[in-house]
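Keep the view open as you read.

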Amino acid sequence: MPEALDPGSWLRDHGDYLYRYALFRARDPHQAEDLVQDTLLAAIRARERFKGDSSVRTWLTGILNHKYLDQLRKQVRERVEENSTLDRAEPEAEPSSWNADPAALLERKEFRETFHDCLTRLNRRMFEAYSLREIDNLETDIICNQLGVTATNLRVTLHRAREQLRICLEKNWFGRHKQVAGRKETAS
Amino acid sequence: MMISCEEARRLVSESQDLSLGIYDRLALGFHLLICKLCAAYEKQYSFLRAAMRSLLQEFSHLEHEALSESARERIQRKLAGRG
């Protein structure tokens, strides 16, 4: 049976990848497992429609993403508003110059982990708004609709998410690495 | 025409989400020309966007994560019922 039509191979070859993607989006292991399961079941129903103009992995990821957005839309309707636990912005330090090439820097495991840690620290509302914008590349009016928030609210949330990420990276990567370099100099 | 740094930074964020009106665009452009700090800030924001997009290519930051055996078996059973 060709790969596209063989559900057994989907789980074997793409299960972990789909799980990582789901975990990244939903930030919850149980929900991520359910998403993988729902995705594969939906893929079985839809397999006749798989055209083969993308890879199986891309096709499956698309289905999973669709499922995730669907669940999110329902969740936000039912959700009790959590208190905003926004970190107070620190007294504004001078932004340092981030001259590194992001893609190149991300090849370093250490930086990937720092970046991921910073993302994890965004609260759920911020992470959802930010990822709909930056990962799904959705327009703001669609995000407002998806999350049930006003345009003003979204604008503020996105700015806060970016600001928190920025401060986190400044503190835990760019600033730290400057300090380490400085310490070396004084030691020598 | 002169806007504050706070206003400029708000506009930097906004410019990543929608196209700014002509007045805001000019005001921001002017501010960034004369304010080195906000210019650095804008660069950091561009970095974040680019980093976010690269991060997504492979999920290598989650390479230690995998479906648990029990979840895999559970899903396998479900699939076997439908496949």
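B:Leu33 is exposed, with a relative accessible area of 73%; exposed means over 50%, buried under 20%, and partly exposed in between, with a 1.4 Å probe and protein chains only. You will find B:Leu33 in helix α2 (residues 22-34) of chain B, where helices (H or I, at least four residues) and strands (E, at least two) are DSSP runs numbered from the N terminus.

A word on the ground rules: the model is predicted, so local features need pLDDT of at least 70 and side-chain atom pairs count only at pLDDT 80 or more, while totals for chains, interfaces and linings use all residues. Residues are numbered from 1 along each chain as its sequence is written, chains are lettered from A and ligands numbered from 1 in the order in which they are written, and side-chain values use heavy atoms, leaving out hydrogens and water.

Now turn to chain A, which has 8 helices and 0 strands. Of its 188 residues, 50% are buried. Its accessible surface comes to about 10200 Å², with 48% belonging to carbon and sulfur atoms. Contact means heavy atoms within 4.5 Å; among contacts in chain A between residues at least 6 apart in sequence, 75% join residues at least 24 apart.

What lies inside? The largest nonpolar core has 79 residues, and A:Phe24, A:Trp59 and A:Phe115 are among those with the most contacts inside it. Helix α1 (residues 7-26) of chain A gives the largest share of this core, 10 residues. A nonpolar core is a set of buried Ala, Val, Leu, Ile, Met, Phe, Trp, Tyr and Cys residues joined through side-chain atoms within 4.5 Å. Leaving aside neighbours within four places in sequence, A:Phe115 touches A:Leu169 as well as B:Leu48, B:Ala51, B:Met52 and B:Leu55.

How many disulfides are there over all chains? The count is 1, taking a disulfide as a pair of cysteine sulfur atoms within 2.5 Å. A:Cys118 and A:Cys168 form it, with sulfur atoms 2.1 Å apart. This pair links distant parts of the chain, 50 residues apart: A:Cys118 sits in helix α5 (residues 109-121) and A:Cys168 in helix α8 (residues 151-187) of chain A. The torsion about their S-S bond is about -80 degrees, so the disulfide is left-handed. Both A:Cys118 and A:Cys168 are buried. By contrast, B:Cys38 is in no disulfide, and the nearest cysteine sulfur, that of B:Cys5, is 3.7 Å away. B:Cys38 is buried, with a relative accessible area of 1%.

Phi of A:Asn137 is near 60 degrees, a positive value in a residue other than glycine. A:Asn137 is partly exposed, with a relative accessible area of 45%.

Definitions and conventions:
Areas by Shrake-Rupley, 256 points an atom, 1.4 Å probe, with all protein chains shown as cover.
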